[in-house]
Amino acid sequence: MKFEFCKIHFAEKNGTLCAGAFGEPDCCVPVSDVRVAGADIVSPSPAKQALSAPESLRLQDVRREDGRLVIVQSSALCRVETQLEALGEGMRVSVSVENVSEREIVLENVSMLNLSGFSFARRENTYLYRFHNSHHCECQPRRLSLDQLGLFETDHRNFKRISGCNVGSWSSKEELPQAILEDAENGSFLFFQIESCGGWYWEIAEGCGRSLYLSLSGGNFTFHNWKKRLAPGEIYSSRCAAVCVGESLNDVIRKMTSYRRASAQFGTADASLPVIFNEYMYLSWDSPKEERTRALVPLVAAYGADVYVIDCGWHDDIDDEKIYPYVGKWRESRLRLPHGVRAITDYIRSFGMKAGLWIEPEVLGTRSGASYPEEAYIRTNGERVCVAGRYFLDFRHPEVRRRMGETVSRMVEEYGAQYIKIDCNQDCGVGTEIASDSCGEGLEQTTQAFWNWLEEQRKLYPDVIFESCSSGGMRMDWQSLRVSSVISASDQIVYTKFPYIIGNIFSAALPEQAAFWSYPVIDSKYEPAENRPTDEEVSVNMVNGIMGRMHLASDLRKLTDGQAELVREGVAFAKACNGFRRTAVPFLPFGFAKFGDAKAAVGLKNADAVLLAVWNLGEHGAVKVPLGGKGGRISDAYPNSLKGNCRLNGDAVEINLKKNTAVVLKIEYDREEATR
């Protein structure tokens, strides 16, 4: 039996159904795999999570229903049902495991999808793009061959694993749960992501003989302290994963973008893609002041912002900028806001903007004075987990859900918030032992419980926009992003480093979703009459914000009249691009950006036009950017004054830019050439 589904090839071999990405599978690894405690592990290296017991898992059924492919495998212990669903131009996969025996079994790993067929190209010509990620340096892919990564061709079996792994509630603190495989000899690309806000794991290794496989899973016993006990008849349902197959880097990113749009659940509150002003960056930091906010609100409204957010510090009467150990009561601070939060949010609304507030609902400061039942905390080894002066709340517990629901109600109904920034600034670690078979399973349950709770709040307040932030991009997994219409992509504080993040981020999040800081006044200590920013600093910050969702910030009172006009022009340009941004797909003219590059560029492209941002971060000179099409005209630019420095030359645009300057162009062209 052979067939194809969503560009993935399937073939049966000796009762085992295998799946192949770059052609027919060439390995005996089953499409999905389960490791059960006590079962014989086929590989001499138990660190490998696939190939747990393939000889005991046999194909029972393959059927198509409602656009899905359902594959059923079974053994004497369990029934494994794999569901594959076509969404956009990608495929989503999940697995359910049922205990069909008469005794309890313990799952130690569930591989949602195993793909083989990677052995057609030599390993030195098969490349892996790993998406390194951390605070202030989100989404930094690096391309290395499997040979360079240590998976050498030998004359005997190789126990080497190339693997990605996360342990903890910051799902992307070291690496994004996604990667791209490139078969450079045959021009094929595979993009995969694991949709887990917690533990996740993937591995590339040798399977049968010297053939290679890719295995995708959530948590496992070996690396995450994850296990799941199943009583007879009980069912475990896995996280999801997604894969797309393409013919080029831009093609496979386009297809993943299509999949993400098809699977996103954003609601309608954020449909207009408003421009957001947030006080935090280079202004209030953790200490908002009522007088300063009142001075800024009219100005921010005049610049065209639609939302004004008061970030950390509107709560708790602590005369200390180190406020985080005190968070948890979420009551207004009369010390910072003497007339109360409602007076300020009403004032914001009087200028035609929505009012926003910040909250970090998953933690409780050790000095907050608030308390919960002991079983309502994330706990390991009999103690509460404590990180940076904060405990972690378990959203499975009814008291946590009730009190945090009351907090959101108070923020919306009493304090007048129409926009709530949900932040998460610490990682709880391996998980919790409370009401769990293992800490890893506890993490899986508690992270799911938090997102379930937040979804309930969205339904209760359908007109409120909920932003998702996690010290920037420390929780940039699709389980989290799928329901987050606007996310903070990074907390990078150096405007000339932001382009290296913006140049890559649309491979991880949607263009209409990813928000970037724009802080034209980059030193909060400036006096109004001296040391003002340069025009170039202002315009580059605006370019940074235009390509995604703009998070305008900093003390805009300290701009000259000309710089103020640059801000107004940038906000207007960003708003004018909203309809385009919602349907366009990413386009990387130079490939992925890298910290230290002299130039960076990223585009958004549809059948009629390209929106292109170009940064010159090196010396003054011409930058030539290939467009992948010919003909057309430059119809718009920001800043408009730089439009004269740009010209189309065949299938490229040439731009003269000074050091540390940038421009956004809109290039319209013929439909048939745009799709080349």
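In this report, Lys and Arg count as positive and Asp and Glu as negative, while His and the chain ends are not counted. On that basis, the protein chain of this predicted model carries 78 positive and 90 negative side chains, and the centres of the two sets lie 1 Å apart.

## Overall form

The secondary structure of the protein chain consists of 13 helices and 39 strands. Of the 676 residues, 63% count as buried. The accessible surface of the protein chain amounts to about 23,800 Å², and carbon and sulfur atoms account for 46% of that surface. When contacts between residues at least 6 apart in sequence are considered, 70% join residues at least 24 apart.

## Selected loop residues

| Residue | Relative accessible area | Class |
|---|---|---|
| S333 | 0% | buried |
| L57 | 4% | buried |
| S436 | 19% | buried |
| Q418 | 22% | partly exposed |
| W285 | 27% | partly exposed |
| N225 | 32% | partly exposed |

S333 belongs to the loop between β20 (307-310) and α5 (341-349). The side chain of S333 reaches the backbone nitrogen of R336 at 3.1 Å. Beyond residues up to four places away in sequence, S333 touches G313, W314, H315, D316 and D317.

L57 occupies the loop between β4 (33-36) and β5 (58-65). Although L57 and D33 are 24 residues apart along the chain, their C-alpha atoms are separated by 7.9 Å.

S436 is located in the loop between β27 (419-422) and α7 (439-460). Because the limit for a buried residue is under 20% relative accessible area, S436 at 19% still counts as buried. A polar atom of the S436 side chain lies 2.8 Å from the backbone oxygen of I434. Leaving aside neighbours within four places in sequence, S436 is in contact with R396, E441, G442 and Q445.

Q418 lies in the loop between α6 (398-414) and β27. With a relative accessible area of 22%, Q418 is partly exposed. Apart from neighbours within four places in sequence, the contacts of Q418 are R349, M353, K354, A355, D463, V464 and I465. The C-alpha atoms of Q418 and L552, which are 134 residues apart along the chain, are separated by 18 Å.

## Backbone features

Y638 and P639 are joined by a cis peptide bond with an omega of about -10°. P639 lies in the loop between β36 (633-638) and β37 (646-649).

N225 has a positive phi of about 55° and is found in the loop between α1 (221-224) and β17 (228-230). W285 has a positive phi of about 50°, and its place is the loop between α3 (280-284) and α4 (290-303).

Technical notes
Residues are numbered from 1 along each chain as its sequence is written. This is a predicted model: local features need pLDDT of at least 70, side-chain atom pairs count only at pLDDT 80 or more; totals for chains, interfaces and linings use all residues. Side-chain values use heavy atoms; hydrogens and water are left out. Helices (H or I, at least four residues) and strands (E, at least two) are DSSP runs, numbered from the N terminus. Buried means under 20% relative accessible area, exposed over 50%, partly exposed in between (1.4 Å probe, protein chains only). Contact means heavy atoms within 4.5 Å. Accessible areas come from the Shrake-Rupley method with a 1.4 Å probe; for residues, only the protein chains shown count as cover. The place of a charge is taken as NZ of Lys, CZ of Arg, CG of Asp or CD of Glu. A polar contact is a pair of N or O atoms within 3.5 Å; within protein, one must be able to donate a hydrogen and the other to accept it, and residues adjacent in sequence count only if both atoms are side-chain atoms.
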